[in-house]
Amino acid sequence: MEAVGEVFPEAKYQRCTVHFYRNVFSVTPRTKVKLVAKMLKAIHAQESKKAAREKAKAVVQELRSMKLKEAAKKAEDGIEETLTCCDFPSEHWTRIRTNNVIERLNREIRRRTRAVGCFPDGSSALMLVCARLRHVAATQWGSKKYMNMKHLETILEDVSING
């Protein structure tokens, strides 16, 4: 977090919603996790950032009324970081609200390095990881369109015209 702020001072930080949910669930009794999950998902199902903030306030109040003070505090403290995606076009929200793509790639690299077991030196491990990254970049990332950038281009054009 601190490094991102130093290197990219204008960058916005989007916290993974799944990890946010898990943090809230860590202080929620098991019997109430499903109910709390529905409440948290309702926040991110809103159509605007303003509506999501209002829903978040209502959820925090509901959690407090359920005597889940720690869960309410975690939700209140972390919700704003999970709403950064709302600053972008709504078509992109589902893609940028989690970091599943990065985690999937890390899991694939971990699987391959564990299969090898013990590397003779650090450079051989690095070569394996780089080879996998090159393969993914050349095949999956090169052929799939993850997000339609036309939405962002439209916003940038509007800003430059109005700005």
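This is a predicted model: local features need pLDDT of at least 70, side-chain atom pairs count only at pLDDT 80 or more; totals for chains, interfaces and linings use all residues.

Visitor: How many aromatic pairs does a search of the whole structure find?

Guide: The search of the whole structure finds two aromatic pairs, where rings of Phe, Tyr and Trp (its six-membered ring) pair if their centres lie within 6.5 Å, and planes under 30 degrees apart count as stacked, over 60 as edge-to-face and the rest as tilted. In one of them, Phe20 and Tyr21 have ring centres 6.1 Å apart and planes at 50°, so the pair is tilted.

Visitor: And how do the rings of Tyr21 and Phe25 sit?

Guide: Their centres are 6.4 Å apart and their planes are at 40°, so Tyr21 and Phe25 also make a tilted pair. Tyr21 and Phe25 are four residues apart in helix H2 (residues 17-25), which separates them by about one helical turn; helices (H or I, at least four residues) and strands (E, at least two) are DSSP runs, numbered from the N terminus. Ring pairs link Phe20, Tyr21 and Phe25 into a cluster.

Visitor: Is Phe20 buried or exposed?

Guide: Phe20 is buried, with a relative accessible area of 1%, where buried means under 20% relative accessible area, exposed over 50% and partly exposed in between (1.4 Å probe, protein chains only). Tyr21 also counts as buried, at 9% relative accessibility, whereas Phe25 is partly exposed at 22%.

Visitor: Which residues of H2 are buried?

Guide: They are Thr17, Phe20, Tyr21 and Val24. Seen down the axis of H2, these buried residues fall within an arc of 100°, so they line one face of the helix; the arc is that of the directions from the helix axis to the C-beta atoms.

Visitor: What do they pack against?

Guide: The buried residues of H2 pack against helix H3 (33-44) and H5.

Visitor: New topic: how many salt bridges are there in the whole structure?

Guide: A search of the whole structure finds nine salt bridges, each being a side-chain nitrogen of Lys or Arg within 4 Å of a carboxyl oxygen of Asp or Glu. One of them joins the side chains of Lys49 and Glu80, at 4.0 Å from N to O. That pair links distant parts of the chain, with Lys49 in helix H4 (residues 49-65) and Glu80 in helix H5 (residues 69-82), 31 residues apart. Lys49 counts as buried at 17% relative accessibility, while Glu80 counts as partly exposed at 35%.

Visitor: What network is Lys49 part of?

Guide: Salt bridges link Lys49, Arg53, Glu80 and Asp87 in a network.

Visitor: How far apart are the closest N and O atoms of Arg64 and Glu76?

Guide: They are 2.7 Å apart in the salt bridge that Arg64 forms with Glu76. Arg64 lies in helix H4 and Glu76 in helix H5, so this pair ties together parts that are 12 residues apart in sequence. Arg64 is partly exposed at 33% relative accessibility, and Glu76 is partly exposed at 43%.

Visitor: Where do Glu108 and Arg112 lie?

Guide: Both lie in helix H7 (residues 100-116), four residues apart, about one turn of the helix.

Visitor: Now the loops: where is Arg15 found?

Guide: Arg15 is found in the loop between helix H1 (2-7) and H2, and is buried, with a relative accessible area of 16%. Arg15 and Thr82 are 67 residues apart in sequence and 4.9 Å apart in space, C-alpha to C-alpha.

Visitor: What does Arg15 touch?

Guide: Not counting residues up to four places away in sequence, Arg15 touches Phe20, Asn23, Gly78, Glu81, Thr82 and Arg97, where contact means heavy atoms within 4.5 Å.

Note on methods: Residues are numbered from 1 along each chain as its sequence is written. Side-chain values use heavy atoms; hydrogens and water are left out.
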